[in-house]
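Have the model open beside you as you read. We will take confidence first, then domains, then helix packing, and end with a few backbone details.

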Amino acid sequence: MQSFETLYERLRPECERLIAQYEHPRSALLPIVHLFQQHEGYASREAMRATAEMLELTPAVVESTVSFYSLFFRKPVGRYVLQVCRGLSCTINGAEEIMAYFREKLGIGHLQTTADGLFSYEEVECLAACDRPTCMQVNLEFFYDLTPAAIDEMIEAMRGGAFSVAPIAQTRPPESTWAIKQDDQVATGRKSPGATDVARPNNAGGLGDASGVIMLDRFVNKEIAFSERSNERLVRDSRAVYDVLEDGEQHAGH
Amino acid sequence: MPVTKVLTAGIGEVDLRDFKVYRDRGGYKQWERAVRELQPAQVLELADRSGLRGRGGAGFPTGKKWSFLPNDSKPRYLVCNCDEAEPGTFKDHMLLEQAPHLVLEGILLGAYGIASHHAFIYIRGEFKRGFEIFSKALDEARAAGLLGKNIFGTGYDLEVTVHRGAGAYICGEETGLLNSLEGKRGEPRLKPPFPAIAGLYGMPTVVNNVETLAYLVPILEKGAEWFAAVGTERSKGYKIISISGHVRKPGNYEVALGTTVRELIEIAGGLREGRTLMAVQPGGGSSACIFEEHLDWPYDYESMAKAGSMLGSGAFVVFDDTTDFVKCAFNLVRFFAHESCGQCTPCREGGHWLETVLHRFVEGRGLRSDLEMIRRVSSTITGLNLCALGDSIEPFLKSVINRFPEQFEARIDARSLHQNGSTAMAASAQ
């Protein structure tokens, strides 16, 4: 396997060409990361650092930018990234069955990679091919009108190494997911991290309010006071939880 | 049938990706004529007189948008928005892959119309194939001397740069797009200043949709009057409608604005056998539904607004009586929650909470108090954000809850029906 330095040397002229396309070098950030990802299979730390060096940015700025975009993988992925459309038009035309079939067939779920490192699976937003549901992309190449039979054939071809789309470069073995830890929000669709040391981040309702209903009602219906909540339930949940909530009430001025 | 092929002419019949085929059909003739014979102001005047409005979603008059550029010597930019990701829209995807030279000619004309010397096209990250096809078309046009320095010996310079996104719906919002083009996170900017004053790199910039720019080509060829002659009073010309959902022949159909909703459904082959119409979402995921009573309404910007919805990007999704609107509402709310950039609290948190609550309904665990809460939360999001993404969460949700309350009520957990709000919550948490 070649070292990153060798790759960097080799891609440098292409990066310079990309930078020269723009009045401001930073505009080349996305194209450069695309280029590295094409060769490494993902946007590695080394690649982001090299990008930062070329564009005279800090690595943190590059990583922050890269993390905004769902097509940049910050960890290695499988040889075939299967992205199935979960848009509305596909959904009302059978996408749920197709997604269930994929999950069962591959034995993995949303944002996961198979143990053999061959497949990564993701359910993505509308792919702009609503006239031929259900649609998907394999390594960003479109496939339309999916049926279980077509999926069987596709997976078979990929396993046999005879698929029409080239596999992704794999410079490092993938883990079970490419979502990054603080990116659990991406997997669950949540944006703000919330508390960091609770089982479910972004659980604004706090202990004992896993679905956040109470918090939301407090927020929206001011007249439902905190103290009106069922005391029996709080006692039942546990003494510790009760104590925490009692504190909360005092702070809230009830 | 009222389908008129203007931009879609030749698509599916000949290979318009082939430079020679496109040229032989009269391609780039308007570009050559504009640079040789017309002043930029004349191109702007044509665009203005044609009544062409933005085809990306907002429907802003194109000529007017261009005229906002200040009259100074600063560099100015044209950016073509090909970050098509509105649920249900697939017209730009088709134009980019099937007619890249038409898209390019439109960009060239648009750039000339605002006297810009550097134009960009921002292509959605997922359209990797489209990006390759367009890049090839651009290289061919450059090799033929259609862009670059001193075009046709007139002294006019114009460069076009292709930029590919990397997966973010919000980059279709024009200031989010500009940030992304500058190599930043695609977070929308506070407006004003609008891009016309301070856009890309802080310079005057116009952002136009692919379809909008492409219509400049036939407008130059046939004249502003030809375009303005069709359509309705304030919605002129043609539009590509992406029809999908429960119709027999989903696809892109180009029609004159003002074609009725009923005709559009018929153009797409009508409903499936034995099905009845429940609703139509006429303008993409951000728009409210219209119903049976709107079937004979003309499909144009004003009528759709009057019907409480919008024409948007022309994504026309048809729902028949097999539709589970609870699932549909959850699907779209999840989409917006997922795509929220997270800058504005109402959109970031509100979208997430609505998703959580609607997920309960999908699972049949809705609470009696939830319906009222959904109404309040969604109306609390609208109008309080930097961009229109947050405002897009409410319309569909509200329209289907109002129209099909029985579908939502059927998903309320029976245990919550005879309890007051707080104990009902306890029940649901069990």
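What follows is a short walk through the two chains.

This is a predicted model, in which local features need pLDDT of at least 70 and side-chain atom pairs count only at pLDDT 80 or more, while totals for chains, interfaces and linings use all residues. Residues are numbered from 1 along each chain as its sequence is written, and chains are lettered from A and ligands numbered from 1 in the order in which they are written.

For the complex, it reports an ipTM of 0.93 and a pTM of 0.88. Residue by residue, the guide is pLDDT (the predictor's confidence in each residue, from 0 to 100). Chain B has an average pLDDT of 94, with 97% of its residues scoring at least 70. For chain A the mean is 81, and 70% of the residues reach 70 or more. Within chain A, residues 222-231 have a pLDDT below 50, and this stretch has 18 contacts in the model beyond near neighbours in sequence; a contact here requires that the C-beta atoms of two residues, placed from the backbone, lie within 7 Å. Residues 248-254 of chain A also stay under 50, with seven contacts beyond four places in sequence. In chain B, the pLDDT is under 50 over residues 420-430, for which the model has 29 contacts beyond four places in sequence.

Now turn to the layout of chain A. It is divided into domain 1 (4-68), domain 2 (75-190) and domain 3 (192-254), with bounds that come from an automatic or database domain assignment. The C-alpha centres of domain 1 and domain 2 of chain A are 26 Å apart. Where these two meet, four residues of domain 1 of chain A touch seven residues of domain 2 of chain A. On the domain 1 side, the touching residues comprise one nonpolar, two polar and one charged; Ala, Val, Leu, Ile, Met, Phe, Trp, Tyr, Cys and Pro count as nonpolar, Asp, Glu, Lys and Arg as charged, and the others, Gly among them, as polar.

Helices (H or I, at least four residues) and strands (E, at least two) are DSSP runs, numbered from the N terminus. Axes are lines fitted to C-alpha atoms, for helices over the stretch in contact, and angles run from 0 to 180 degrees between N-to-C directions. How do α14(B) and α15(B) cross? Helix α14 (residues 325-339) of chain B and helix α15 (residues 345-362) of chain B cross at roughly 155°, their axes coming within 9 Å. This makes α14(B) roughly antiparallel to α15(B), a label for angles over 145, with under 35 counting as roughly parallel, 65 to 115 as roughly perpendicular and the rest as oblique. The residues of this contact divide into 10 nonpolar, three polar and three charged.

In the other pair, helix α5 (residues 91-98) and helix α7 (residues 128-143) of chain B pack at about 40°, with axes 8 Å apart. That angle makes α5(B) oblique to α7(B). From α5(B) come B:His93, B:Leu96 and B:Glu97, facing B:Arg129, B:Gly130, B:Ile133 and B:Phe134 of α7(B).

Finally, some backbone details. A cis peptide bond, with omega about -15°, joins A:Pro133 and A:Thr134, and A:Thr134 sits in the loop between β3 (119-124) and β4 (136-138) of chain A. The bond from B:Pro192 to B:Pro193 is cis too, with omega near 5°.
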